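Colleague: Please take a close look at the packing inside this model. Then follow the charged pairs.

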Amino acid sequence: MPEHIDQILGFEHRFARAQASHVVELPWGFVLLQRDFPLSHNHNRIVVTAPASADEVIRTADAVLGGAELAHRYVTVDDDALGVWLAPEFTAAGYRHDVVATMVHSGAPAEAVSQPVCAVSLEVVRPALIRDWRRELPDATDERLGQLADRVGLCTRGADLTVLAAYEGDEIAAHAELYVDRGAAVAQFESLVTHPEFRGRGHGAALVCAALVRAKKAGCALSFLTADTQDWPYGWYQRLGYSEVFRSHHFSRR
């Protein structure tokens with residue numbers, strides 16, 4: 001599915017740029033900066049889109065991200081082969097290396113699920129976001145947790161955002177985000193989290209299926225998501241009808 005790669009990367013780049021407060025163009029990529037959310041790594045990073053040496057990228061990260069007084073360094077490499085080639089030098093420089101698969105849904109009809117799913121506002125989901133980020137990052141400050149929750153609002157600058165939630169009683173058991181670009185007929189499903197107390201009850205699958213139905217109704221011919229190749233959801237998404245089309249490489253350091 002080579003045509004999907006350009007379509008997805010085009011969406012991802014437009015989406016990311018729209019959320020930035022400042023973009024620095026580079027000969028081999030670009031830098032994203034978000035002054036209002038300096039603790040969000042995804043919004044303050046370098047995206048490598050063309051061949052470059054590891055030394056040049058690392059020096060640029062120190063100069064540009066360090067110049068923005070950020071405590072982290074985060075680099076995304078779109079091309080799989082380039083990421084593999086750069087990885088040894090990045091890891092030698094103290095960077096963590098994660099491989100992320102972009103997966104496209106087959107287009108088969110979503111299975112019916114019994115659990116109800118509803119769209120909720122950012123205000124409603126915010127306590128659940130902070131709750132789940134606190135569990136993921138127990139040492140994070142309240143300021144960082146607040147930024148990680150509130151940054152979701154930036155998504156509306158680049159796509160139609162729907163926050164989906166599944167409840168147990170009055171509590172949000174699971175939540176996820178759906179981004180839709182109607183002009184490009186592309187939908188992205190991301191940030192699925194089920195609280196540990198409510199796992200194994202079908203909430204995650206219900207959110208995936210609800211997102212697929214909504215994407216189809218919005219006229220999206222392409223629905224995709226991303227998954228860490230070393231984490232369990234990678235295989236789970238395959239069982240739900242997603243297939244890997246390409247890999248990107250993420251290098252991070254604090």
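Modeller: The largest nonpolar core has 23 residues. A nonpolar core here is a set of buried Ala, Val, Leu, Ile, Met, Phe, Trp, Tyr and Cys residues joined through side-chain atoms within 4.5 Å. Buried means under 20% relative accessible area, exposed over 50%, partly exposed in between (1.4 Å probe, protein chains only). M103, F189, V208, Y237 and Y242 have the most contacts inside this core.

This is a predicted model: local features need pLDDT of at least 70, side-chain atom pairs count only at pLDDT 80 or more, and totals for chains, interfaces and linings use all residues. Residues are numbered from 1 along each chain as its sequence is written, and side-chain values use heavy atoms, with hydrogens and water left out.

Now the elements behind the largest core. Two or more residues each come from β5 (96-105), β7 (160-168), β8 (171-181), β9 (186-194), α6 (203-217), β10 (222-228) and α7 (233-239). Helices (H or I, at least four residues) and strands (E, at least two) are DSSP runs, numbered from the N terminus. With five residues, α6 gives the most to this core.

Take Y237. Leaving aside residues up to four places away in sequence, Y237 touches M103, F189, L192, V208, L225, A227 and Y242. Contact means heavy atoms within 4.5 Å. In soluble globular proteins, nonpolar side chains tend to be buried together.

Next, the charges. A search of the whole structure finds 13 salt bridges. Each is a side-chain nitrogen of Lys or Arg within 4 Å of a carboxyl oxygen of Asp or Glu. One of them pairs R126 with D150, with the closest N and O atoms 2.6 Å apart. R126 lies in helix α4 (residues 122-136) and D150 in helix α5 (residues 142-150), so this pair ties together parts that are 24 residues apart in sequence. R126 is partly exposed, at 33% relative accessibility. D150 is partly exposed too, at 35%.

E171 pairs with R131 in another salt bridge, the closest N and O atoms being 3.0 Å apart. Strand β8 holds E171 and helix α4 holds R131, so the link spans parts 40 residues apart in sequence. E171 is partly exposed, at 33% relative accessible area.

R134 and D142 also meet through their side chains, at 3.5 Å, N to O. R134 is partly exposed at 40%, whereas D142 is exposed at 57%. Elsewhere, salt bridges that share partners join D62, R73 and R253 into one network.
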